[in-house]
Amino acid sequence: RYNLLGSTVDDAIGEAFDKVATLLGLPYPGGPYLENLGSQGDPYKYSFRAGQVKANPLAFSFSGLKTNILYTTRGQDASKGTPCDLEEQQKRDIAASFQRAAFSDVVNKTLLALDKESYHGVILGGGVCANKTLQKMFAEAIPHMPIYWPPAKLSGDNAAMIAGLAYHQYQQEQVDSLELAVQPKIPSYFC
């Protein structure tokens, strides 16, 4: 049984990683490349921050952070087509600072949720969970509580999660999988 405490109001964190990687000239999917580049950078060089959602302090917003990266890499009057003319060390520092900002938001909101209720552990899922920086930040922030990570082979793609949800929906409704309605945003009753 799950209760939805917060969700994203714009971009998912993985989507933000892919878009920031593109801004830095990295291949798709951007997460692993951004992690590698950021491991050689200064995470405090740039003071990026994720957005805050006034209506729900546990909700996520990464579009402003992404825009801040765009302006940092291309200038204030930039668009997606403006070329990126940065030195490699600047790119490393931007990647590291972006990761710190995005992951600090995830960790801090998890801590806020843990303060509200008596939970016995934290379970994470999704492609970004394969990131070692995120894993380290969680281990440092919550050393007293079990943290459950998916195996790395299940963190690179959402296909396994989508298939898992389809299986449970099939079990519940006994509907042929080819007749299931496509739902790009899963309703909260599944969460």
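The protein exposes about 12000 Å², and carbon and sulfur atoms supply 54% of that area. Accessible areas come from the Shrake-Rupley method with a 1.4 Å probe. The model is predicted: local features need pLDDT of at least 70, side-chain atom pairs count only at pLDDT 80 or more, and totals for chains, interfaces and linings use all residues. Residues are numbered from 1 along each chain as its sequence is written, and side-chain values use heavy atoms, with hydrogens and water left out. Of the 191 residues, 35% are buried (under 20% relative accessible area, 1.4 Å probe, protein chains only).

Six helices and two strands form the secondary structure. These are DSSP runs, numbered from the N terminus (helices H or I, at least four residues; strands E, at least two). Their order along the sequence is α-α-α-α-β-α-β-α. Among contacts (heavy atoms within 4.5 Å) between residues at least 6 apart in sequence, 70% join residues at least 24 apart.

The second largest pocket holds about 290 Å³ of space. A pocket is an open set of points on a 1 Å grid over the protein atoms alone, where a 1.4 Å probe fits, with protein on both sides within 12 Å along at least five of seven lines; lining residues have an atom within 4 Å of a point. The volume is the space filled by probe spheres set on the points. Lining this pocket are 14 residues; Pro43, Arg100, Thr133, Lys136 and Met137 are the closest to its centre. Two or more lining residues come from each of α4 (88-116) and α5 (132-141). Helix α5 gives the largest share, five residues.

Conventions: Buried < 20%, exposed > 50% of the residue type's maximum accessible area, 1.4 Å probe, protein only.
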